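Please read the points below alongside the model.

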Amino acid sequence: QVQVVESGGGSVQAGGSLRLSCAVSGAAYNSNYYMGWFRQAPGKQREGIATISTGFGCTYYADSVKGQFTISRDNAKNTLYLQMNSLKSEDTAMYYCAAVTRSFASCQSMTTSPAAFRYWGQGTQVTVSS
């Protein structure tokens with residue numbers, strides 16, 4: 001079993017920055033897992049933001065956050081990060097971290113397929129005020 005716990009959310013003014021963290025634990029977890037960030041705003045579907053795979057050497061960002069957000073991972077600490085800069089009100093959402101181990105798939109396809117991820121955190125709220 002794998003446990004996923006997000007942290008780092010909060011309230012920030014437009015133009016500000018936040019860094020989300022996602023701590024992963026469990027005997028089954030290893031650095032080859034796909035790790036992804038998703039978000040869901042009230043009344044909207046869950047949106048894939050970014051996915052990273054160390055094992056397959058890929059990273060992908062959704063167009064909505066490309067150049068604004070950066071996904072990274074520290075495998076020694078079993079932690080995933082999402083650096084969010086130049087935040088806008090439309091970035092307000094609950095942000096989720098997710099993990100899965102599987103055979104090769106492009107990080108792009110993983111980002112657009114929340115159902116492909118097996119382990120999910122409870123989410124951390126990000127609120128951007130204008």
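1. W37 stands opposite A50 in β5. Six bridges join β4 to β5, and the two strands run antiparallel. Two strands count as paired if DSSP finds at least two bridges between them. Strands (E, at least two residues) and helices (H or I, at least four) are DSSP runs, numbered from the N terminus. β4 and β5 form a hairpin with six residues between them. G43 sits in that turn and has a positive phi of about 80°.

2. A word on provenance. This is a predicted model: local features need pLDDT of at least 70, side-chain atom pairs count only at pLDDT 80 or more, and totals for chains, interfaces and linings use all residues. Residues are numbered from 1 along each chain as its sequence is written, and side-chain values use heavy atoms, with hydrogens and water left out.

3. β5 also pairs with β6. The sense is antiparallel, over four bridges. I52 has T59 of β6 as its bridge partner. This hairpin has four residues between its strands, and G57 in the turn has a positive phi of about 65°. Six of the seven residues of β5 are buried, so the strand is largely enclosed by the rest of the structure. Buried means under 20% relative accessible area, exposed over 50%, and partly exposed in between (1.4 Å probe, protein chains only).

4. Now the open sheet. Its four strands have the order β1-β3-β8-β7, with antiparallel pairing. β1 (3-7) and β7 (69-74) are the edge strands, each pairing on one side only. Neighbouring strands here are turned by 15° against each other on average, direction ignored. For such angles, axes are lines fitted to C-alpha atoms, for helices over the stretch in contact, and values run from 0 to 180 degrees between N-to-C directions. β1 and β3 are joined by five bridges. V4 stands opposite V24 in β3.

5. How many disulfides are there? There are two, a disulfide being a pair of cysteine sulfur atoms within 2.5 Å. With bonded cysteines counted along the chain, the pattern is 1-3, 2-4.

6. C22 and C97 form a disulfide, with their sulfur atoms 2.0 Å apart. The pair links distant parts of the chain: C22 lies in β3 (residues 18-25) and C97 in β9 (residues 93-100), 75 residues apart. The torsion about the S-S bond is about -75°, so the C22 and C97 disulfide is left-handed. C22 counts as buried at 0% relative accessibility. C97 is buried too, with a relative accessible area of 0%.

7. The other link joins C58 to C107, S to S 2.0 Å. C58 lies in strand β6 (residues 58-61) and C107 in helix α1 (residues 107-111), so this pair ties together parts that are 49 residues apart in sequence. The C58 and C107 link has 70° about the S-S bond and is right-handed. Both cysteines are buried.

8. Next, the interior. Nonpolar side chains tend to be buried together in soluble globular proteins. A nonpolar core is a set of buried Ala, Val, Leu, Ile, Met, Phe, Trp, Tyr and Cys residues joined through side-chain atoms within 4.5 Å. The largest such core has 30 residues, and M35, W37, L82, M84 and Y95 touch the most other members. β3, β4 (34-40), β5 (47-53), β7, β8 (79-84), β9 and β11 (124-129) each supply at least two of its residues. Apart from it lies another core, of ten residues, among them C58, C107, M110 and F117.

9. What does L82 contact, leaving aside its neighbours within four places in sequence? Its partners are L18, R19, L20, W37, I49, F69, T70, I71 and Y95. Contact means heavy atoms within 4.5 Å.

10. The loop between β8 and β9 holds D91. Is D91 buried or exposed? At 2% relative accessibility, D91 counts as buried. Not counting residues up to four places away in sequence, D91 touches R39, Q68, F69, S86, V126 and V128.

11. Two backbone angles deserve a look. S86, also found in the loop between β8 and β9, has a positive phi of about 50° although it is not a glycine. S86 is partly exposed, with a relative accessible area of 46%. N78 lies in the loop between β7 and β8. Phi of N78 is near 50°, again positive in a residue other than glycine. N78 is partly exposed at 29% relative accessible area.
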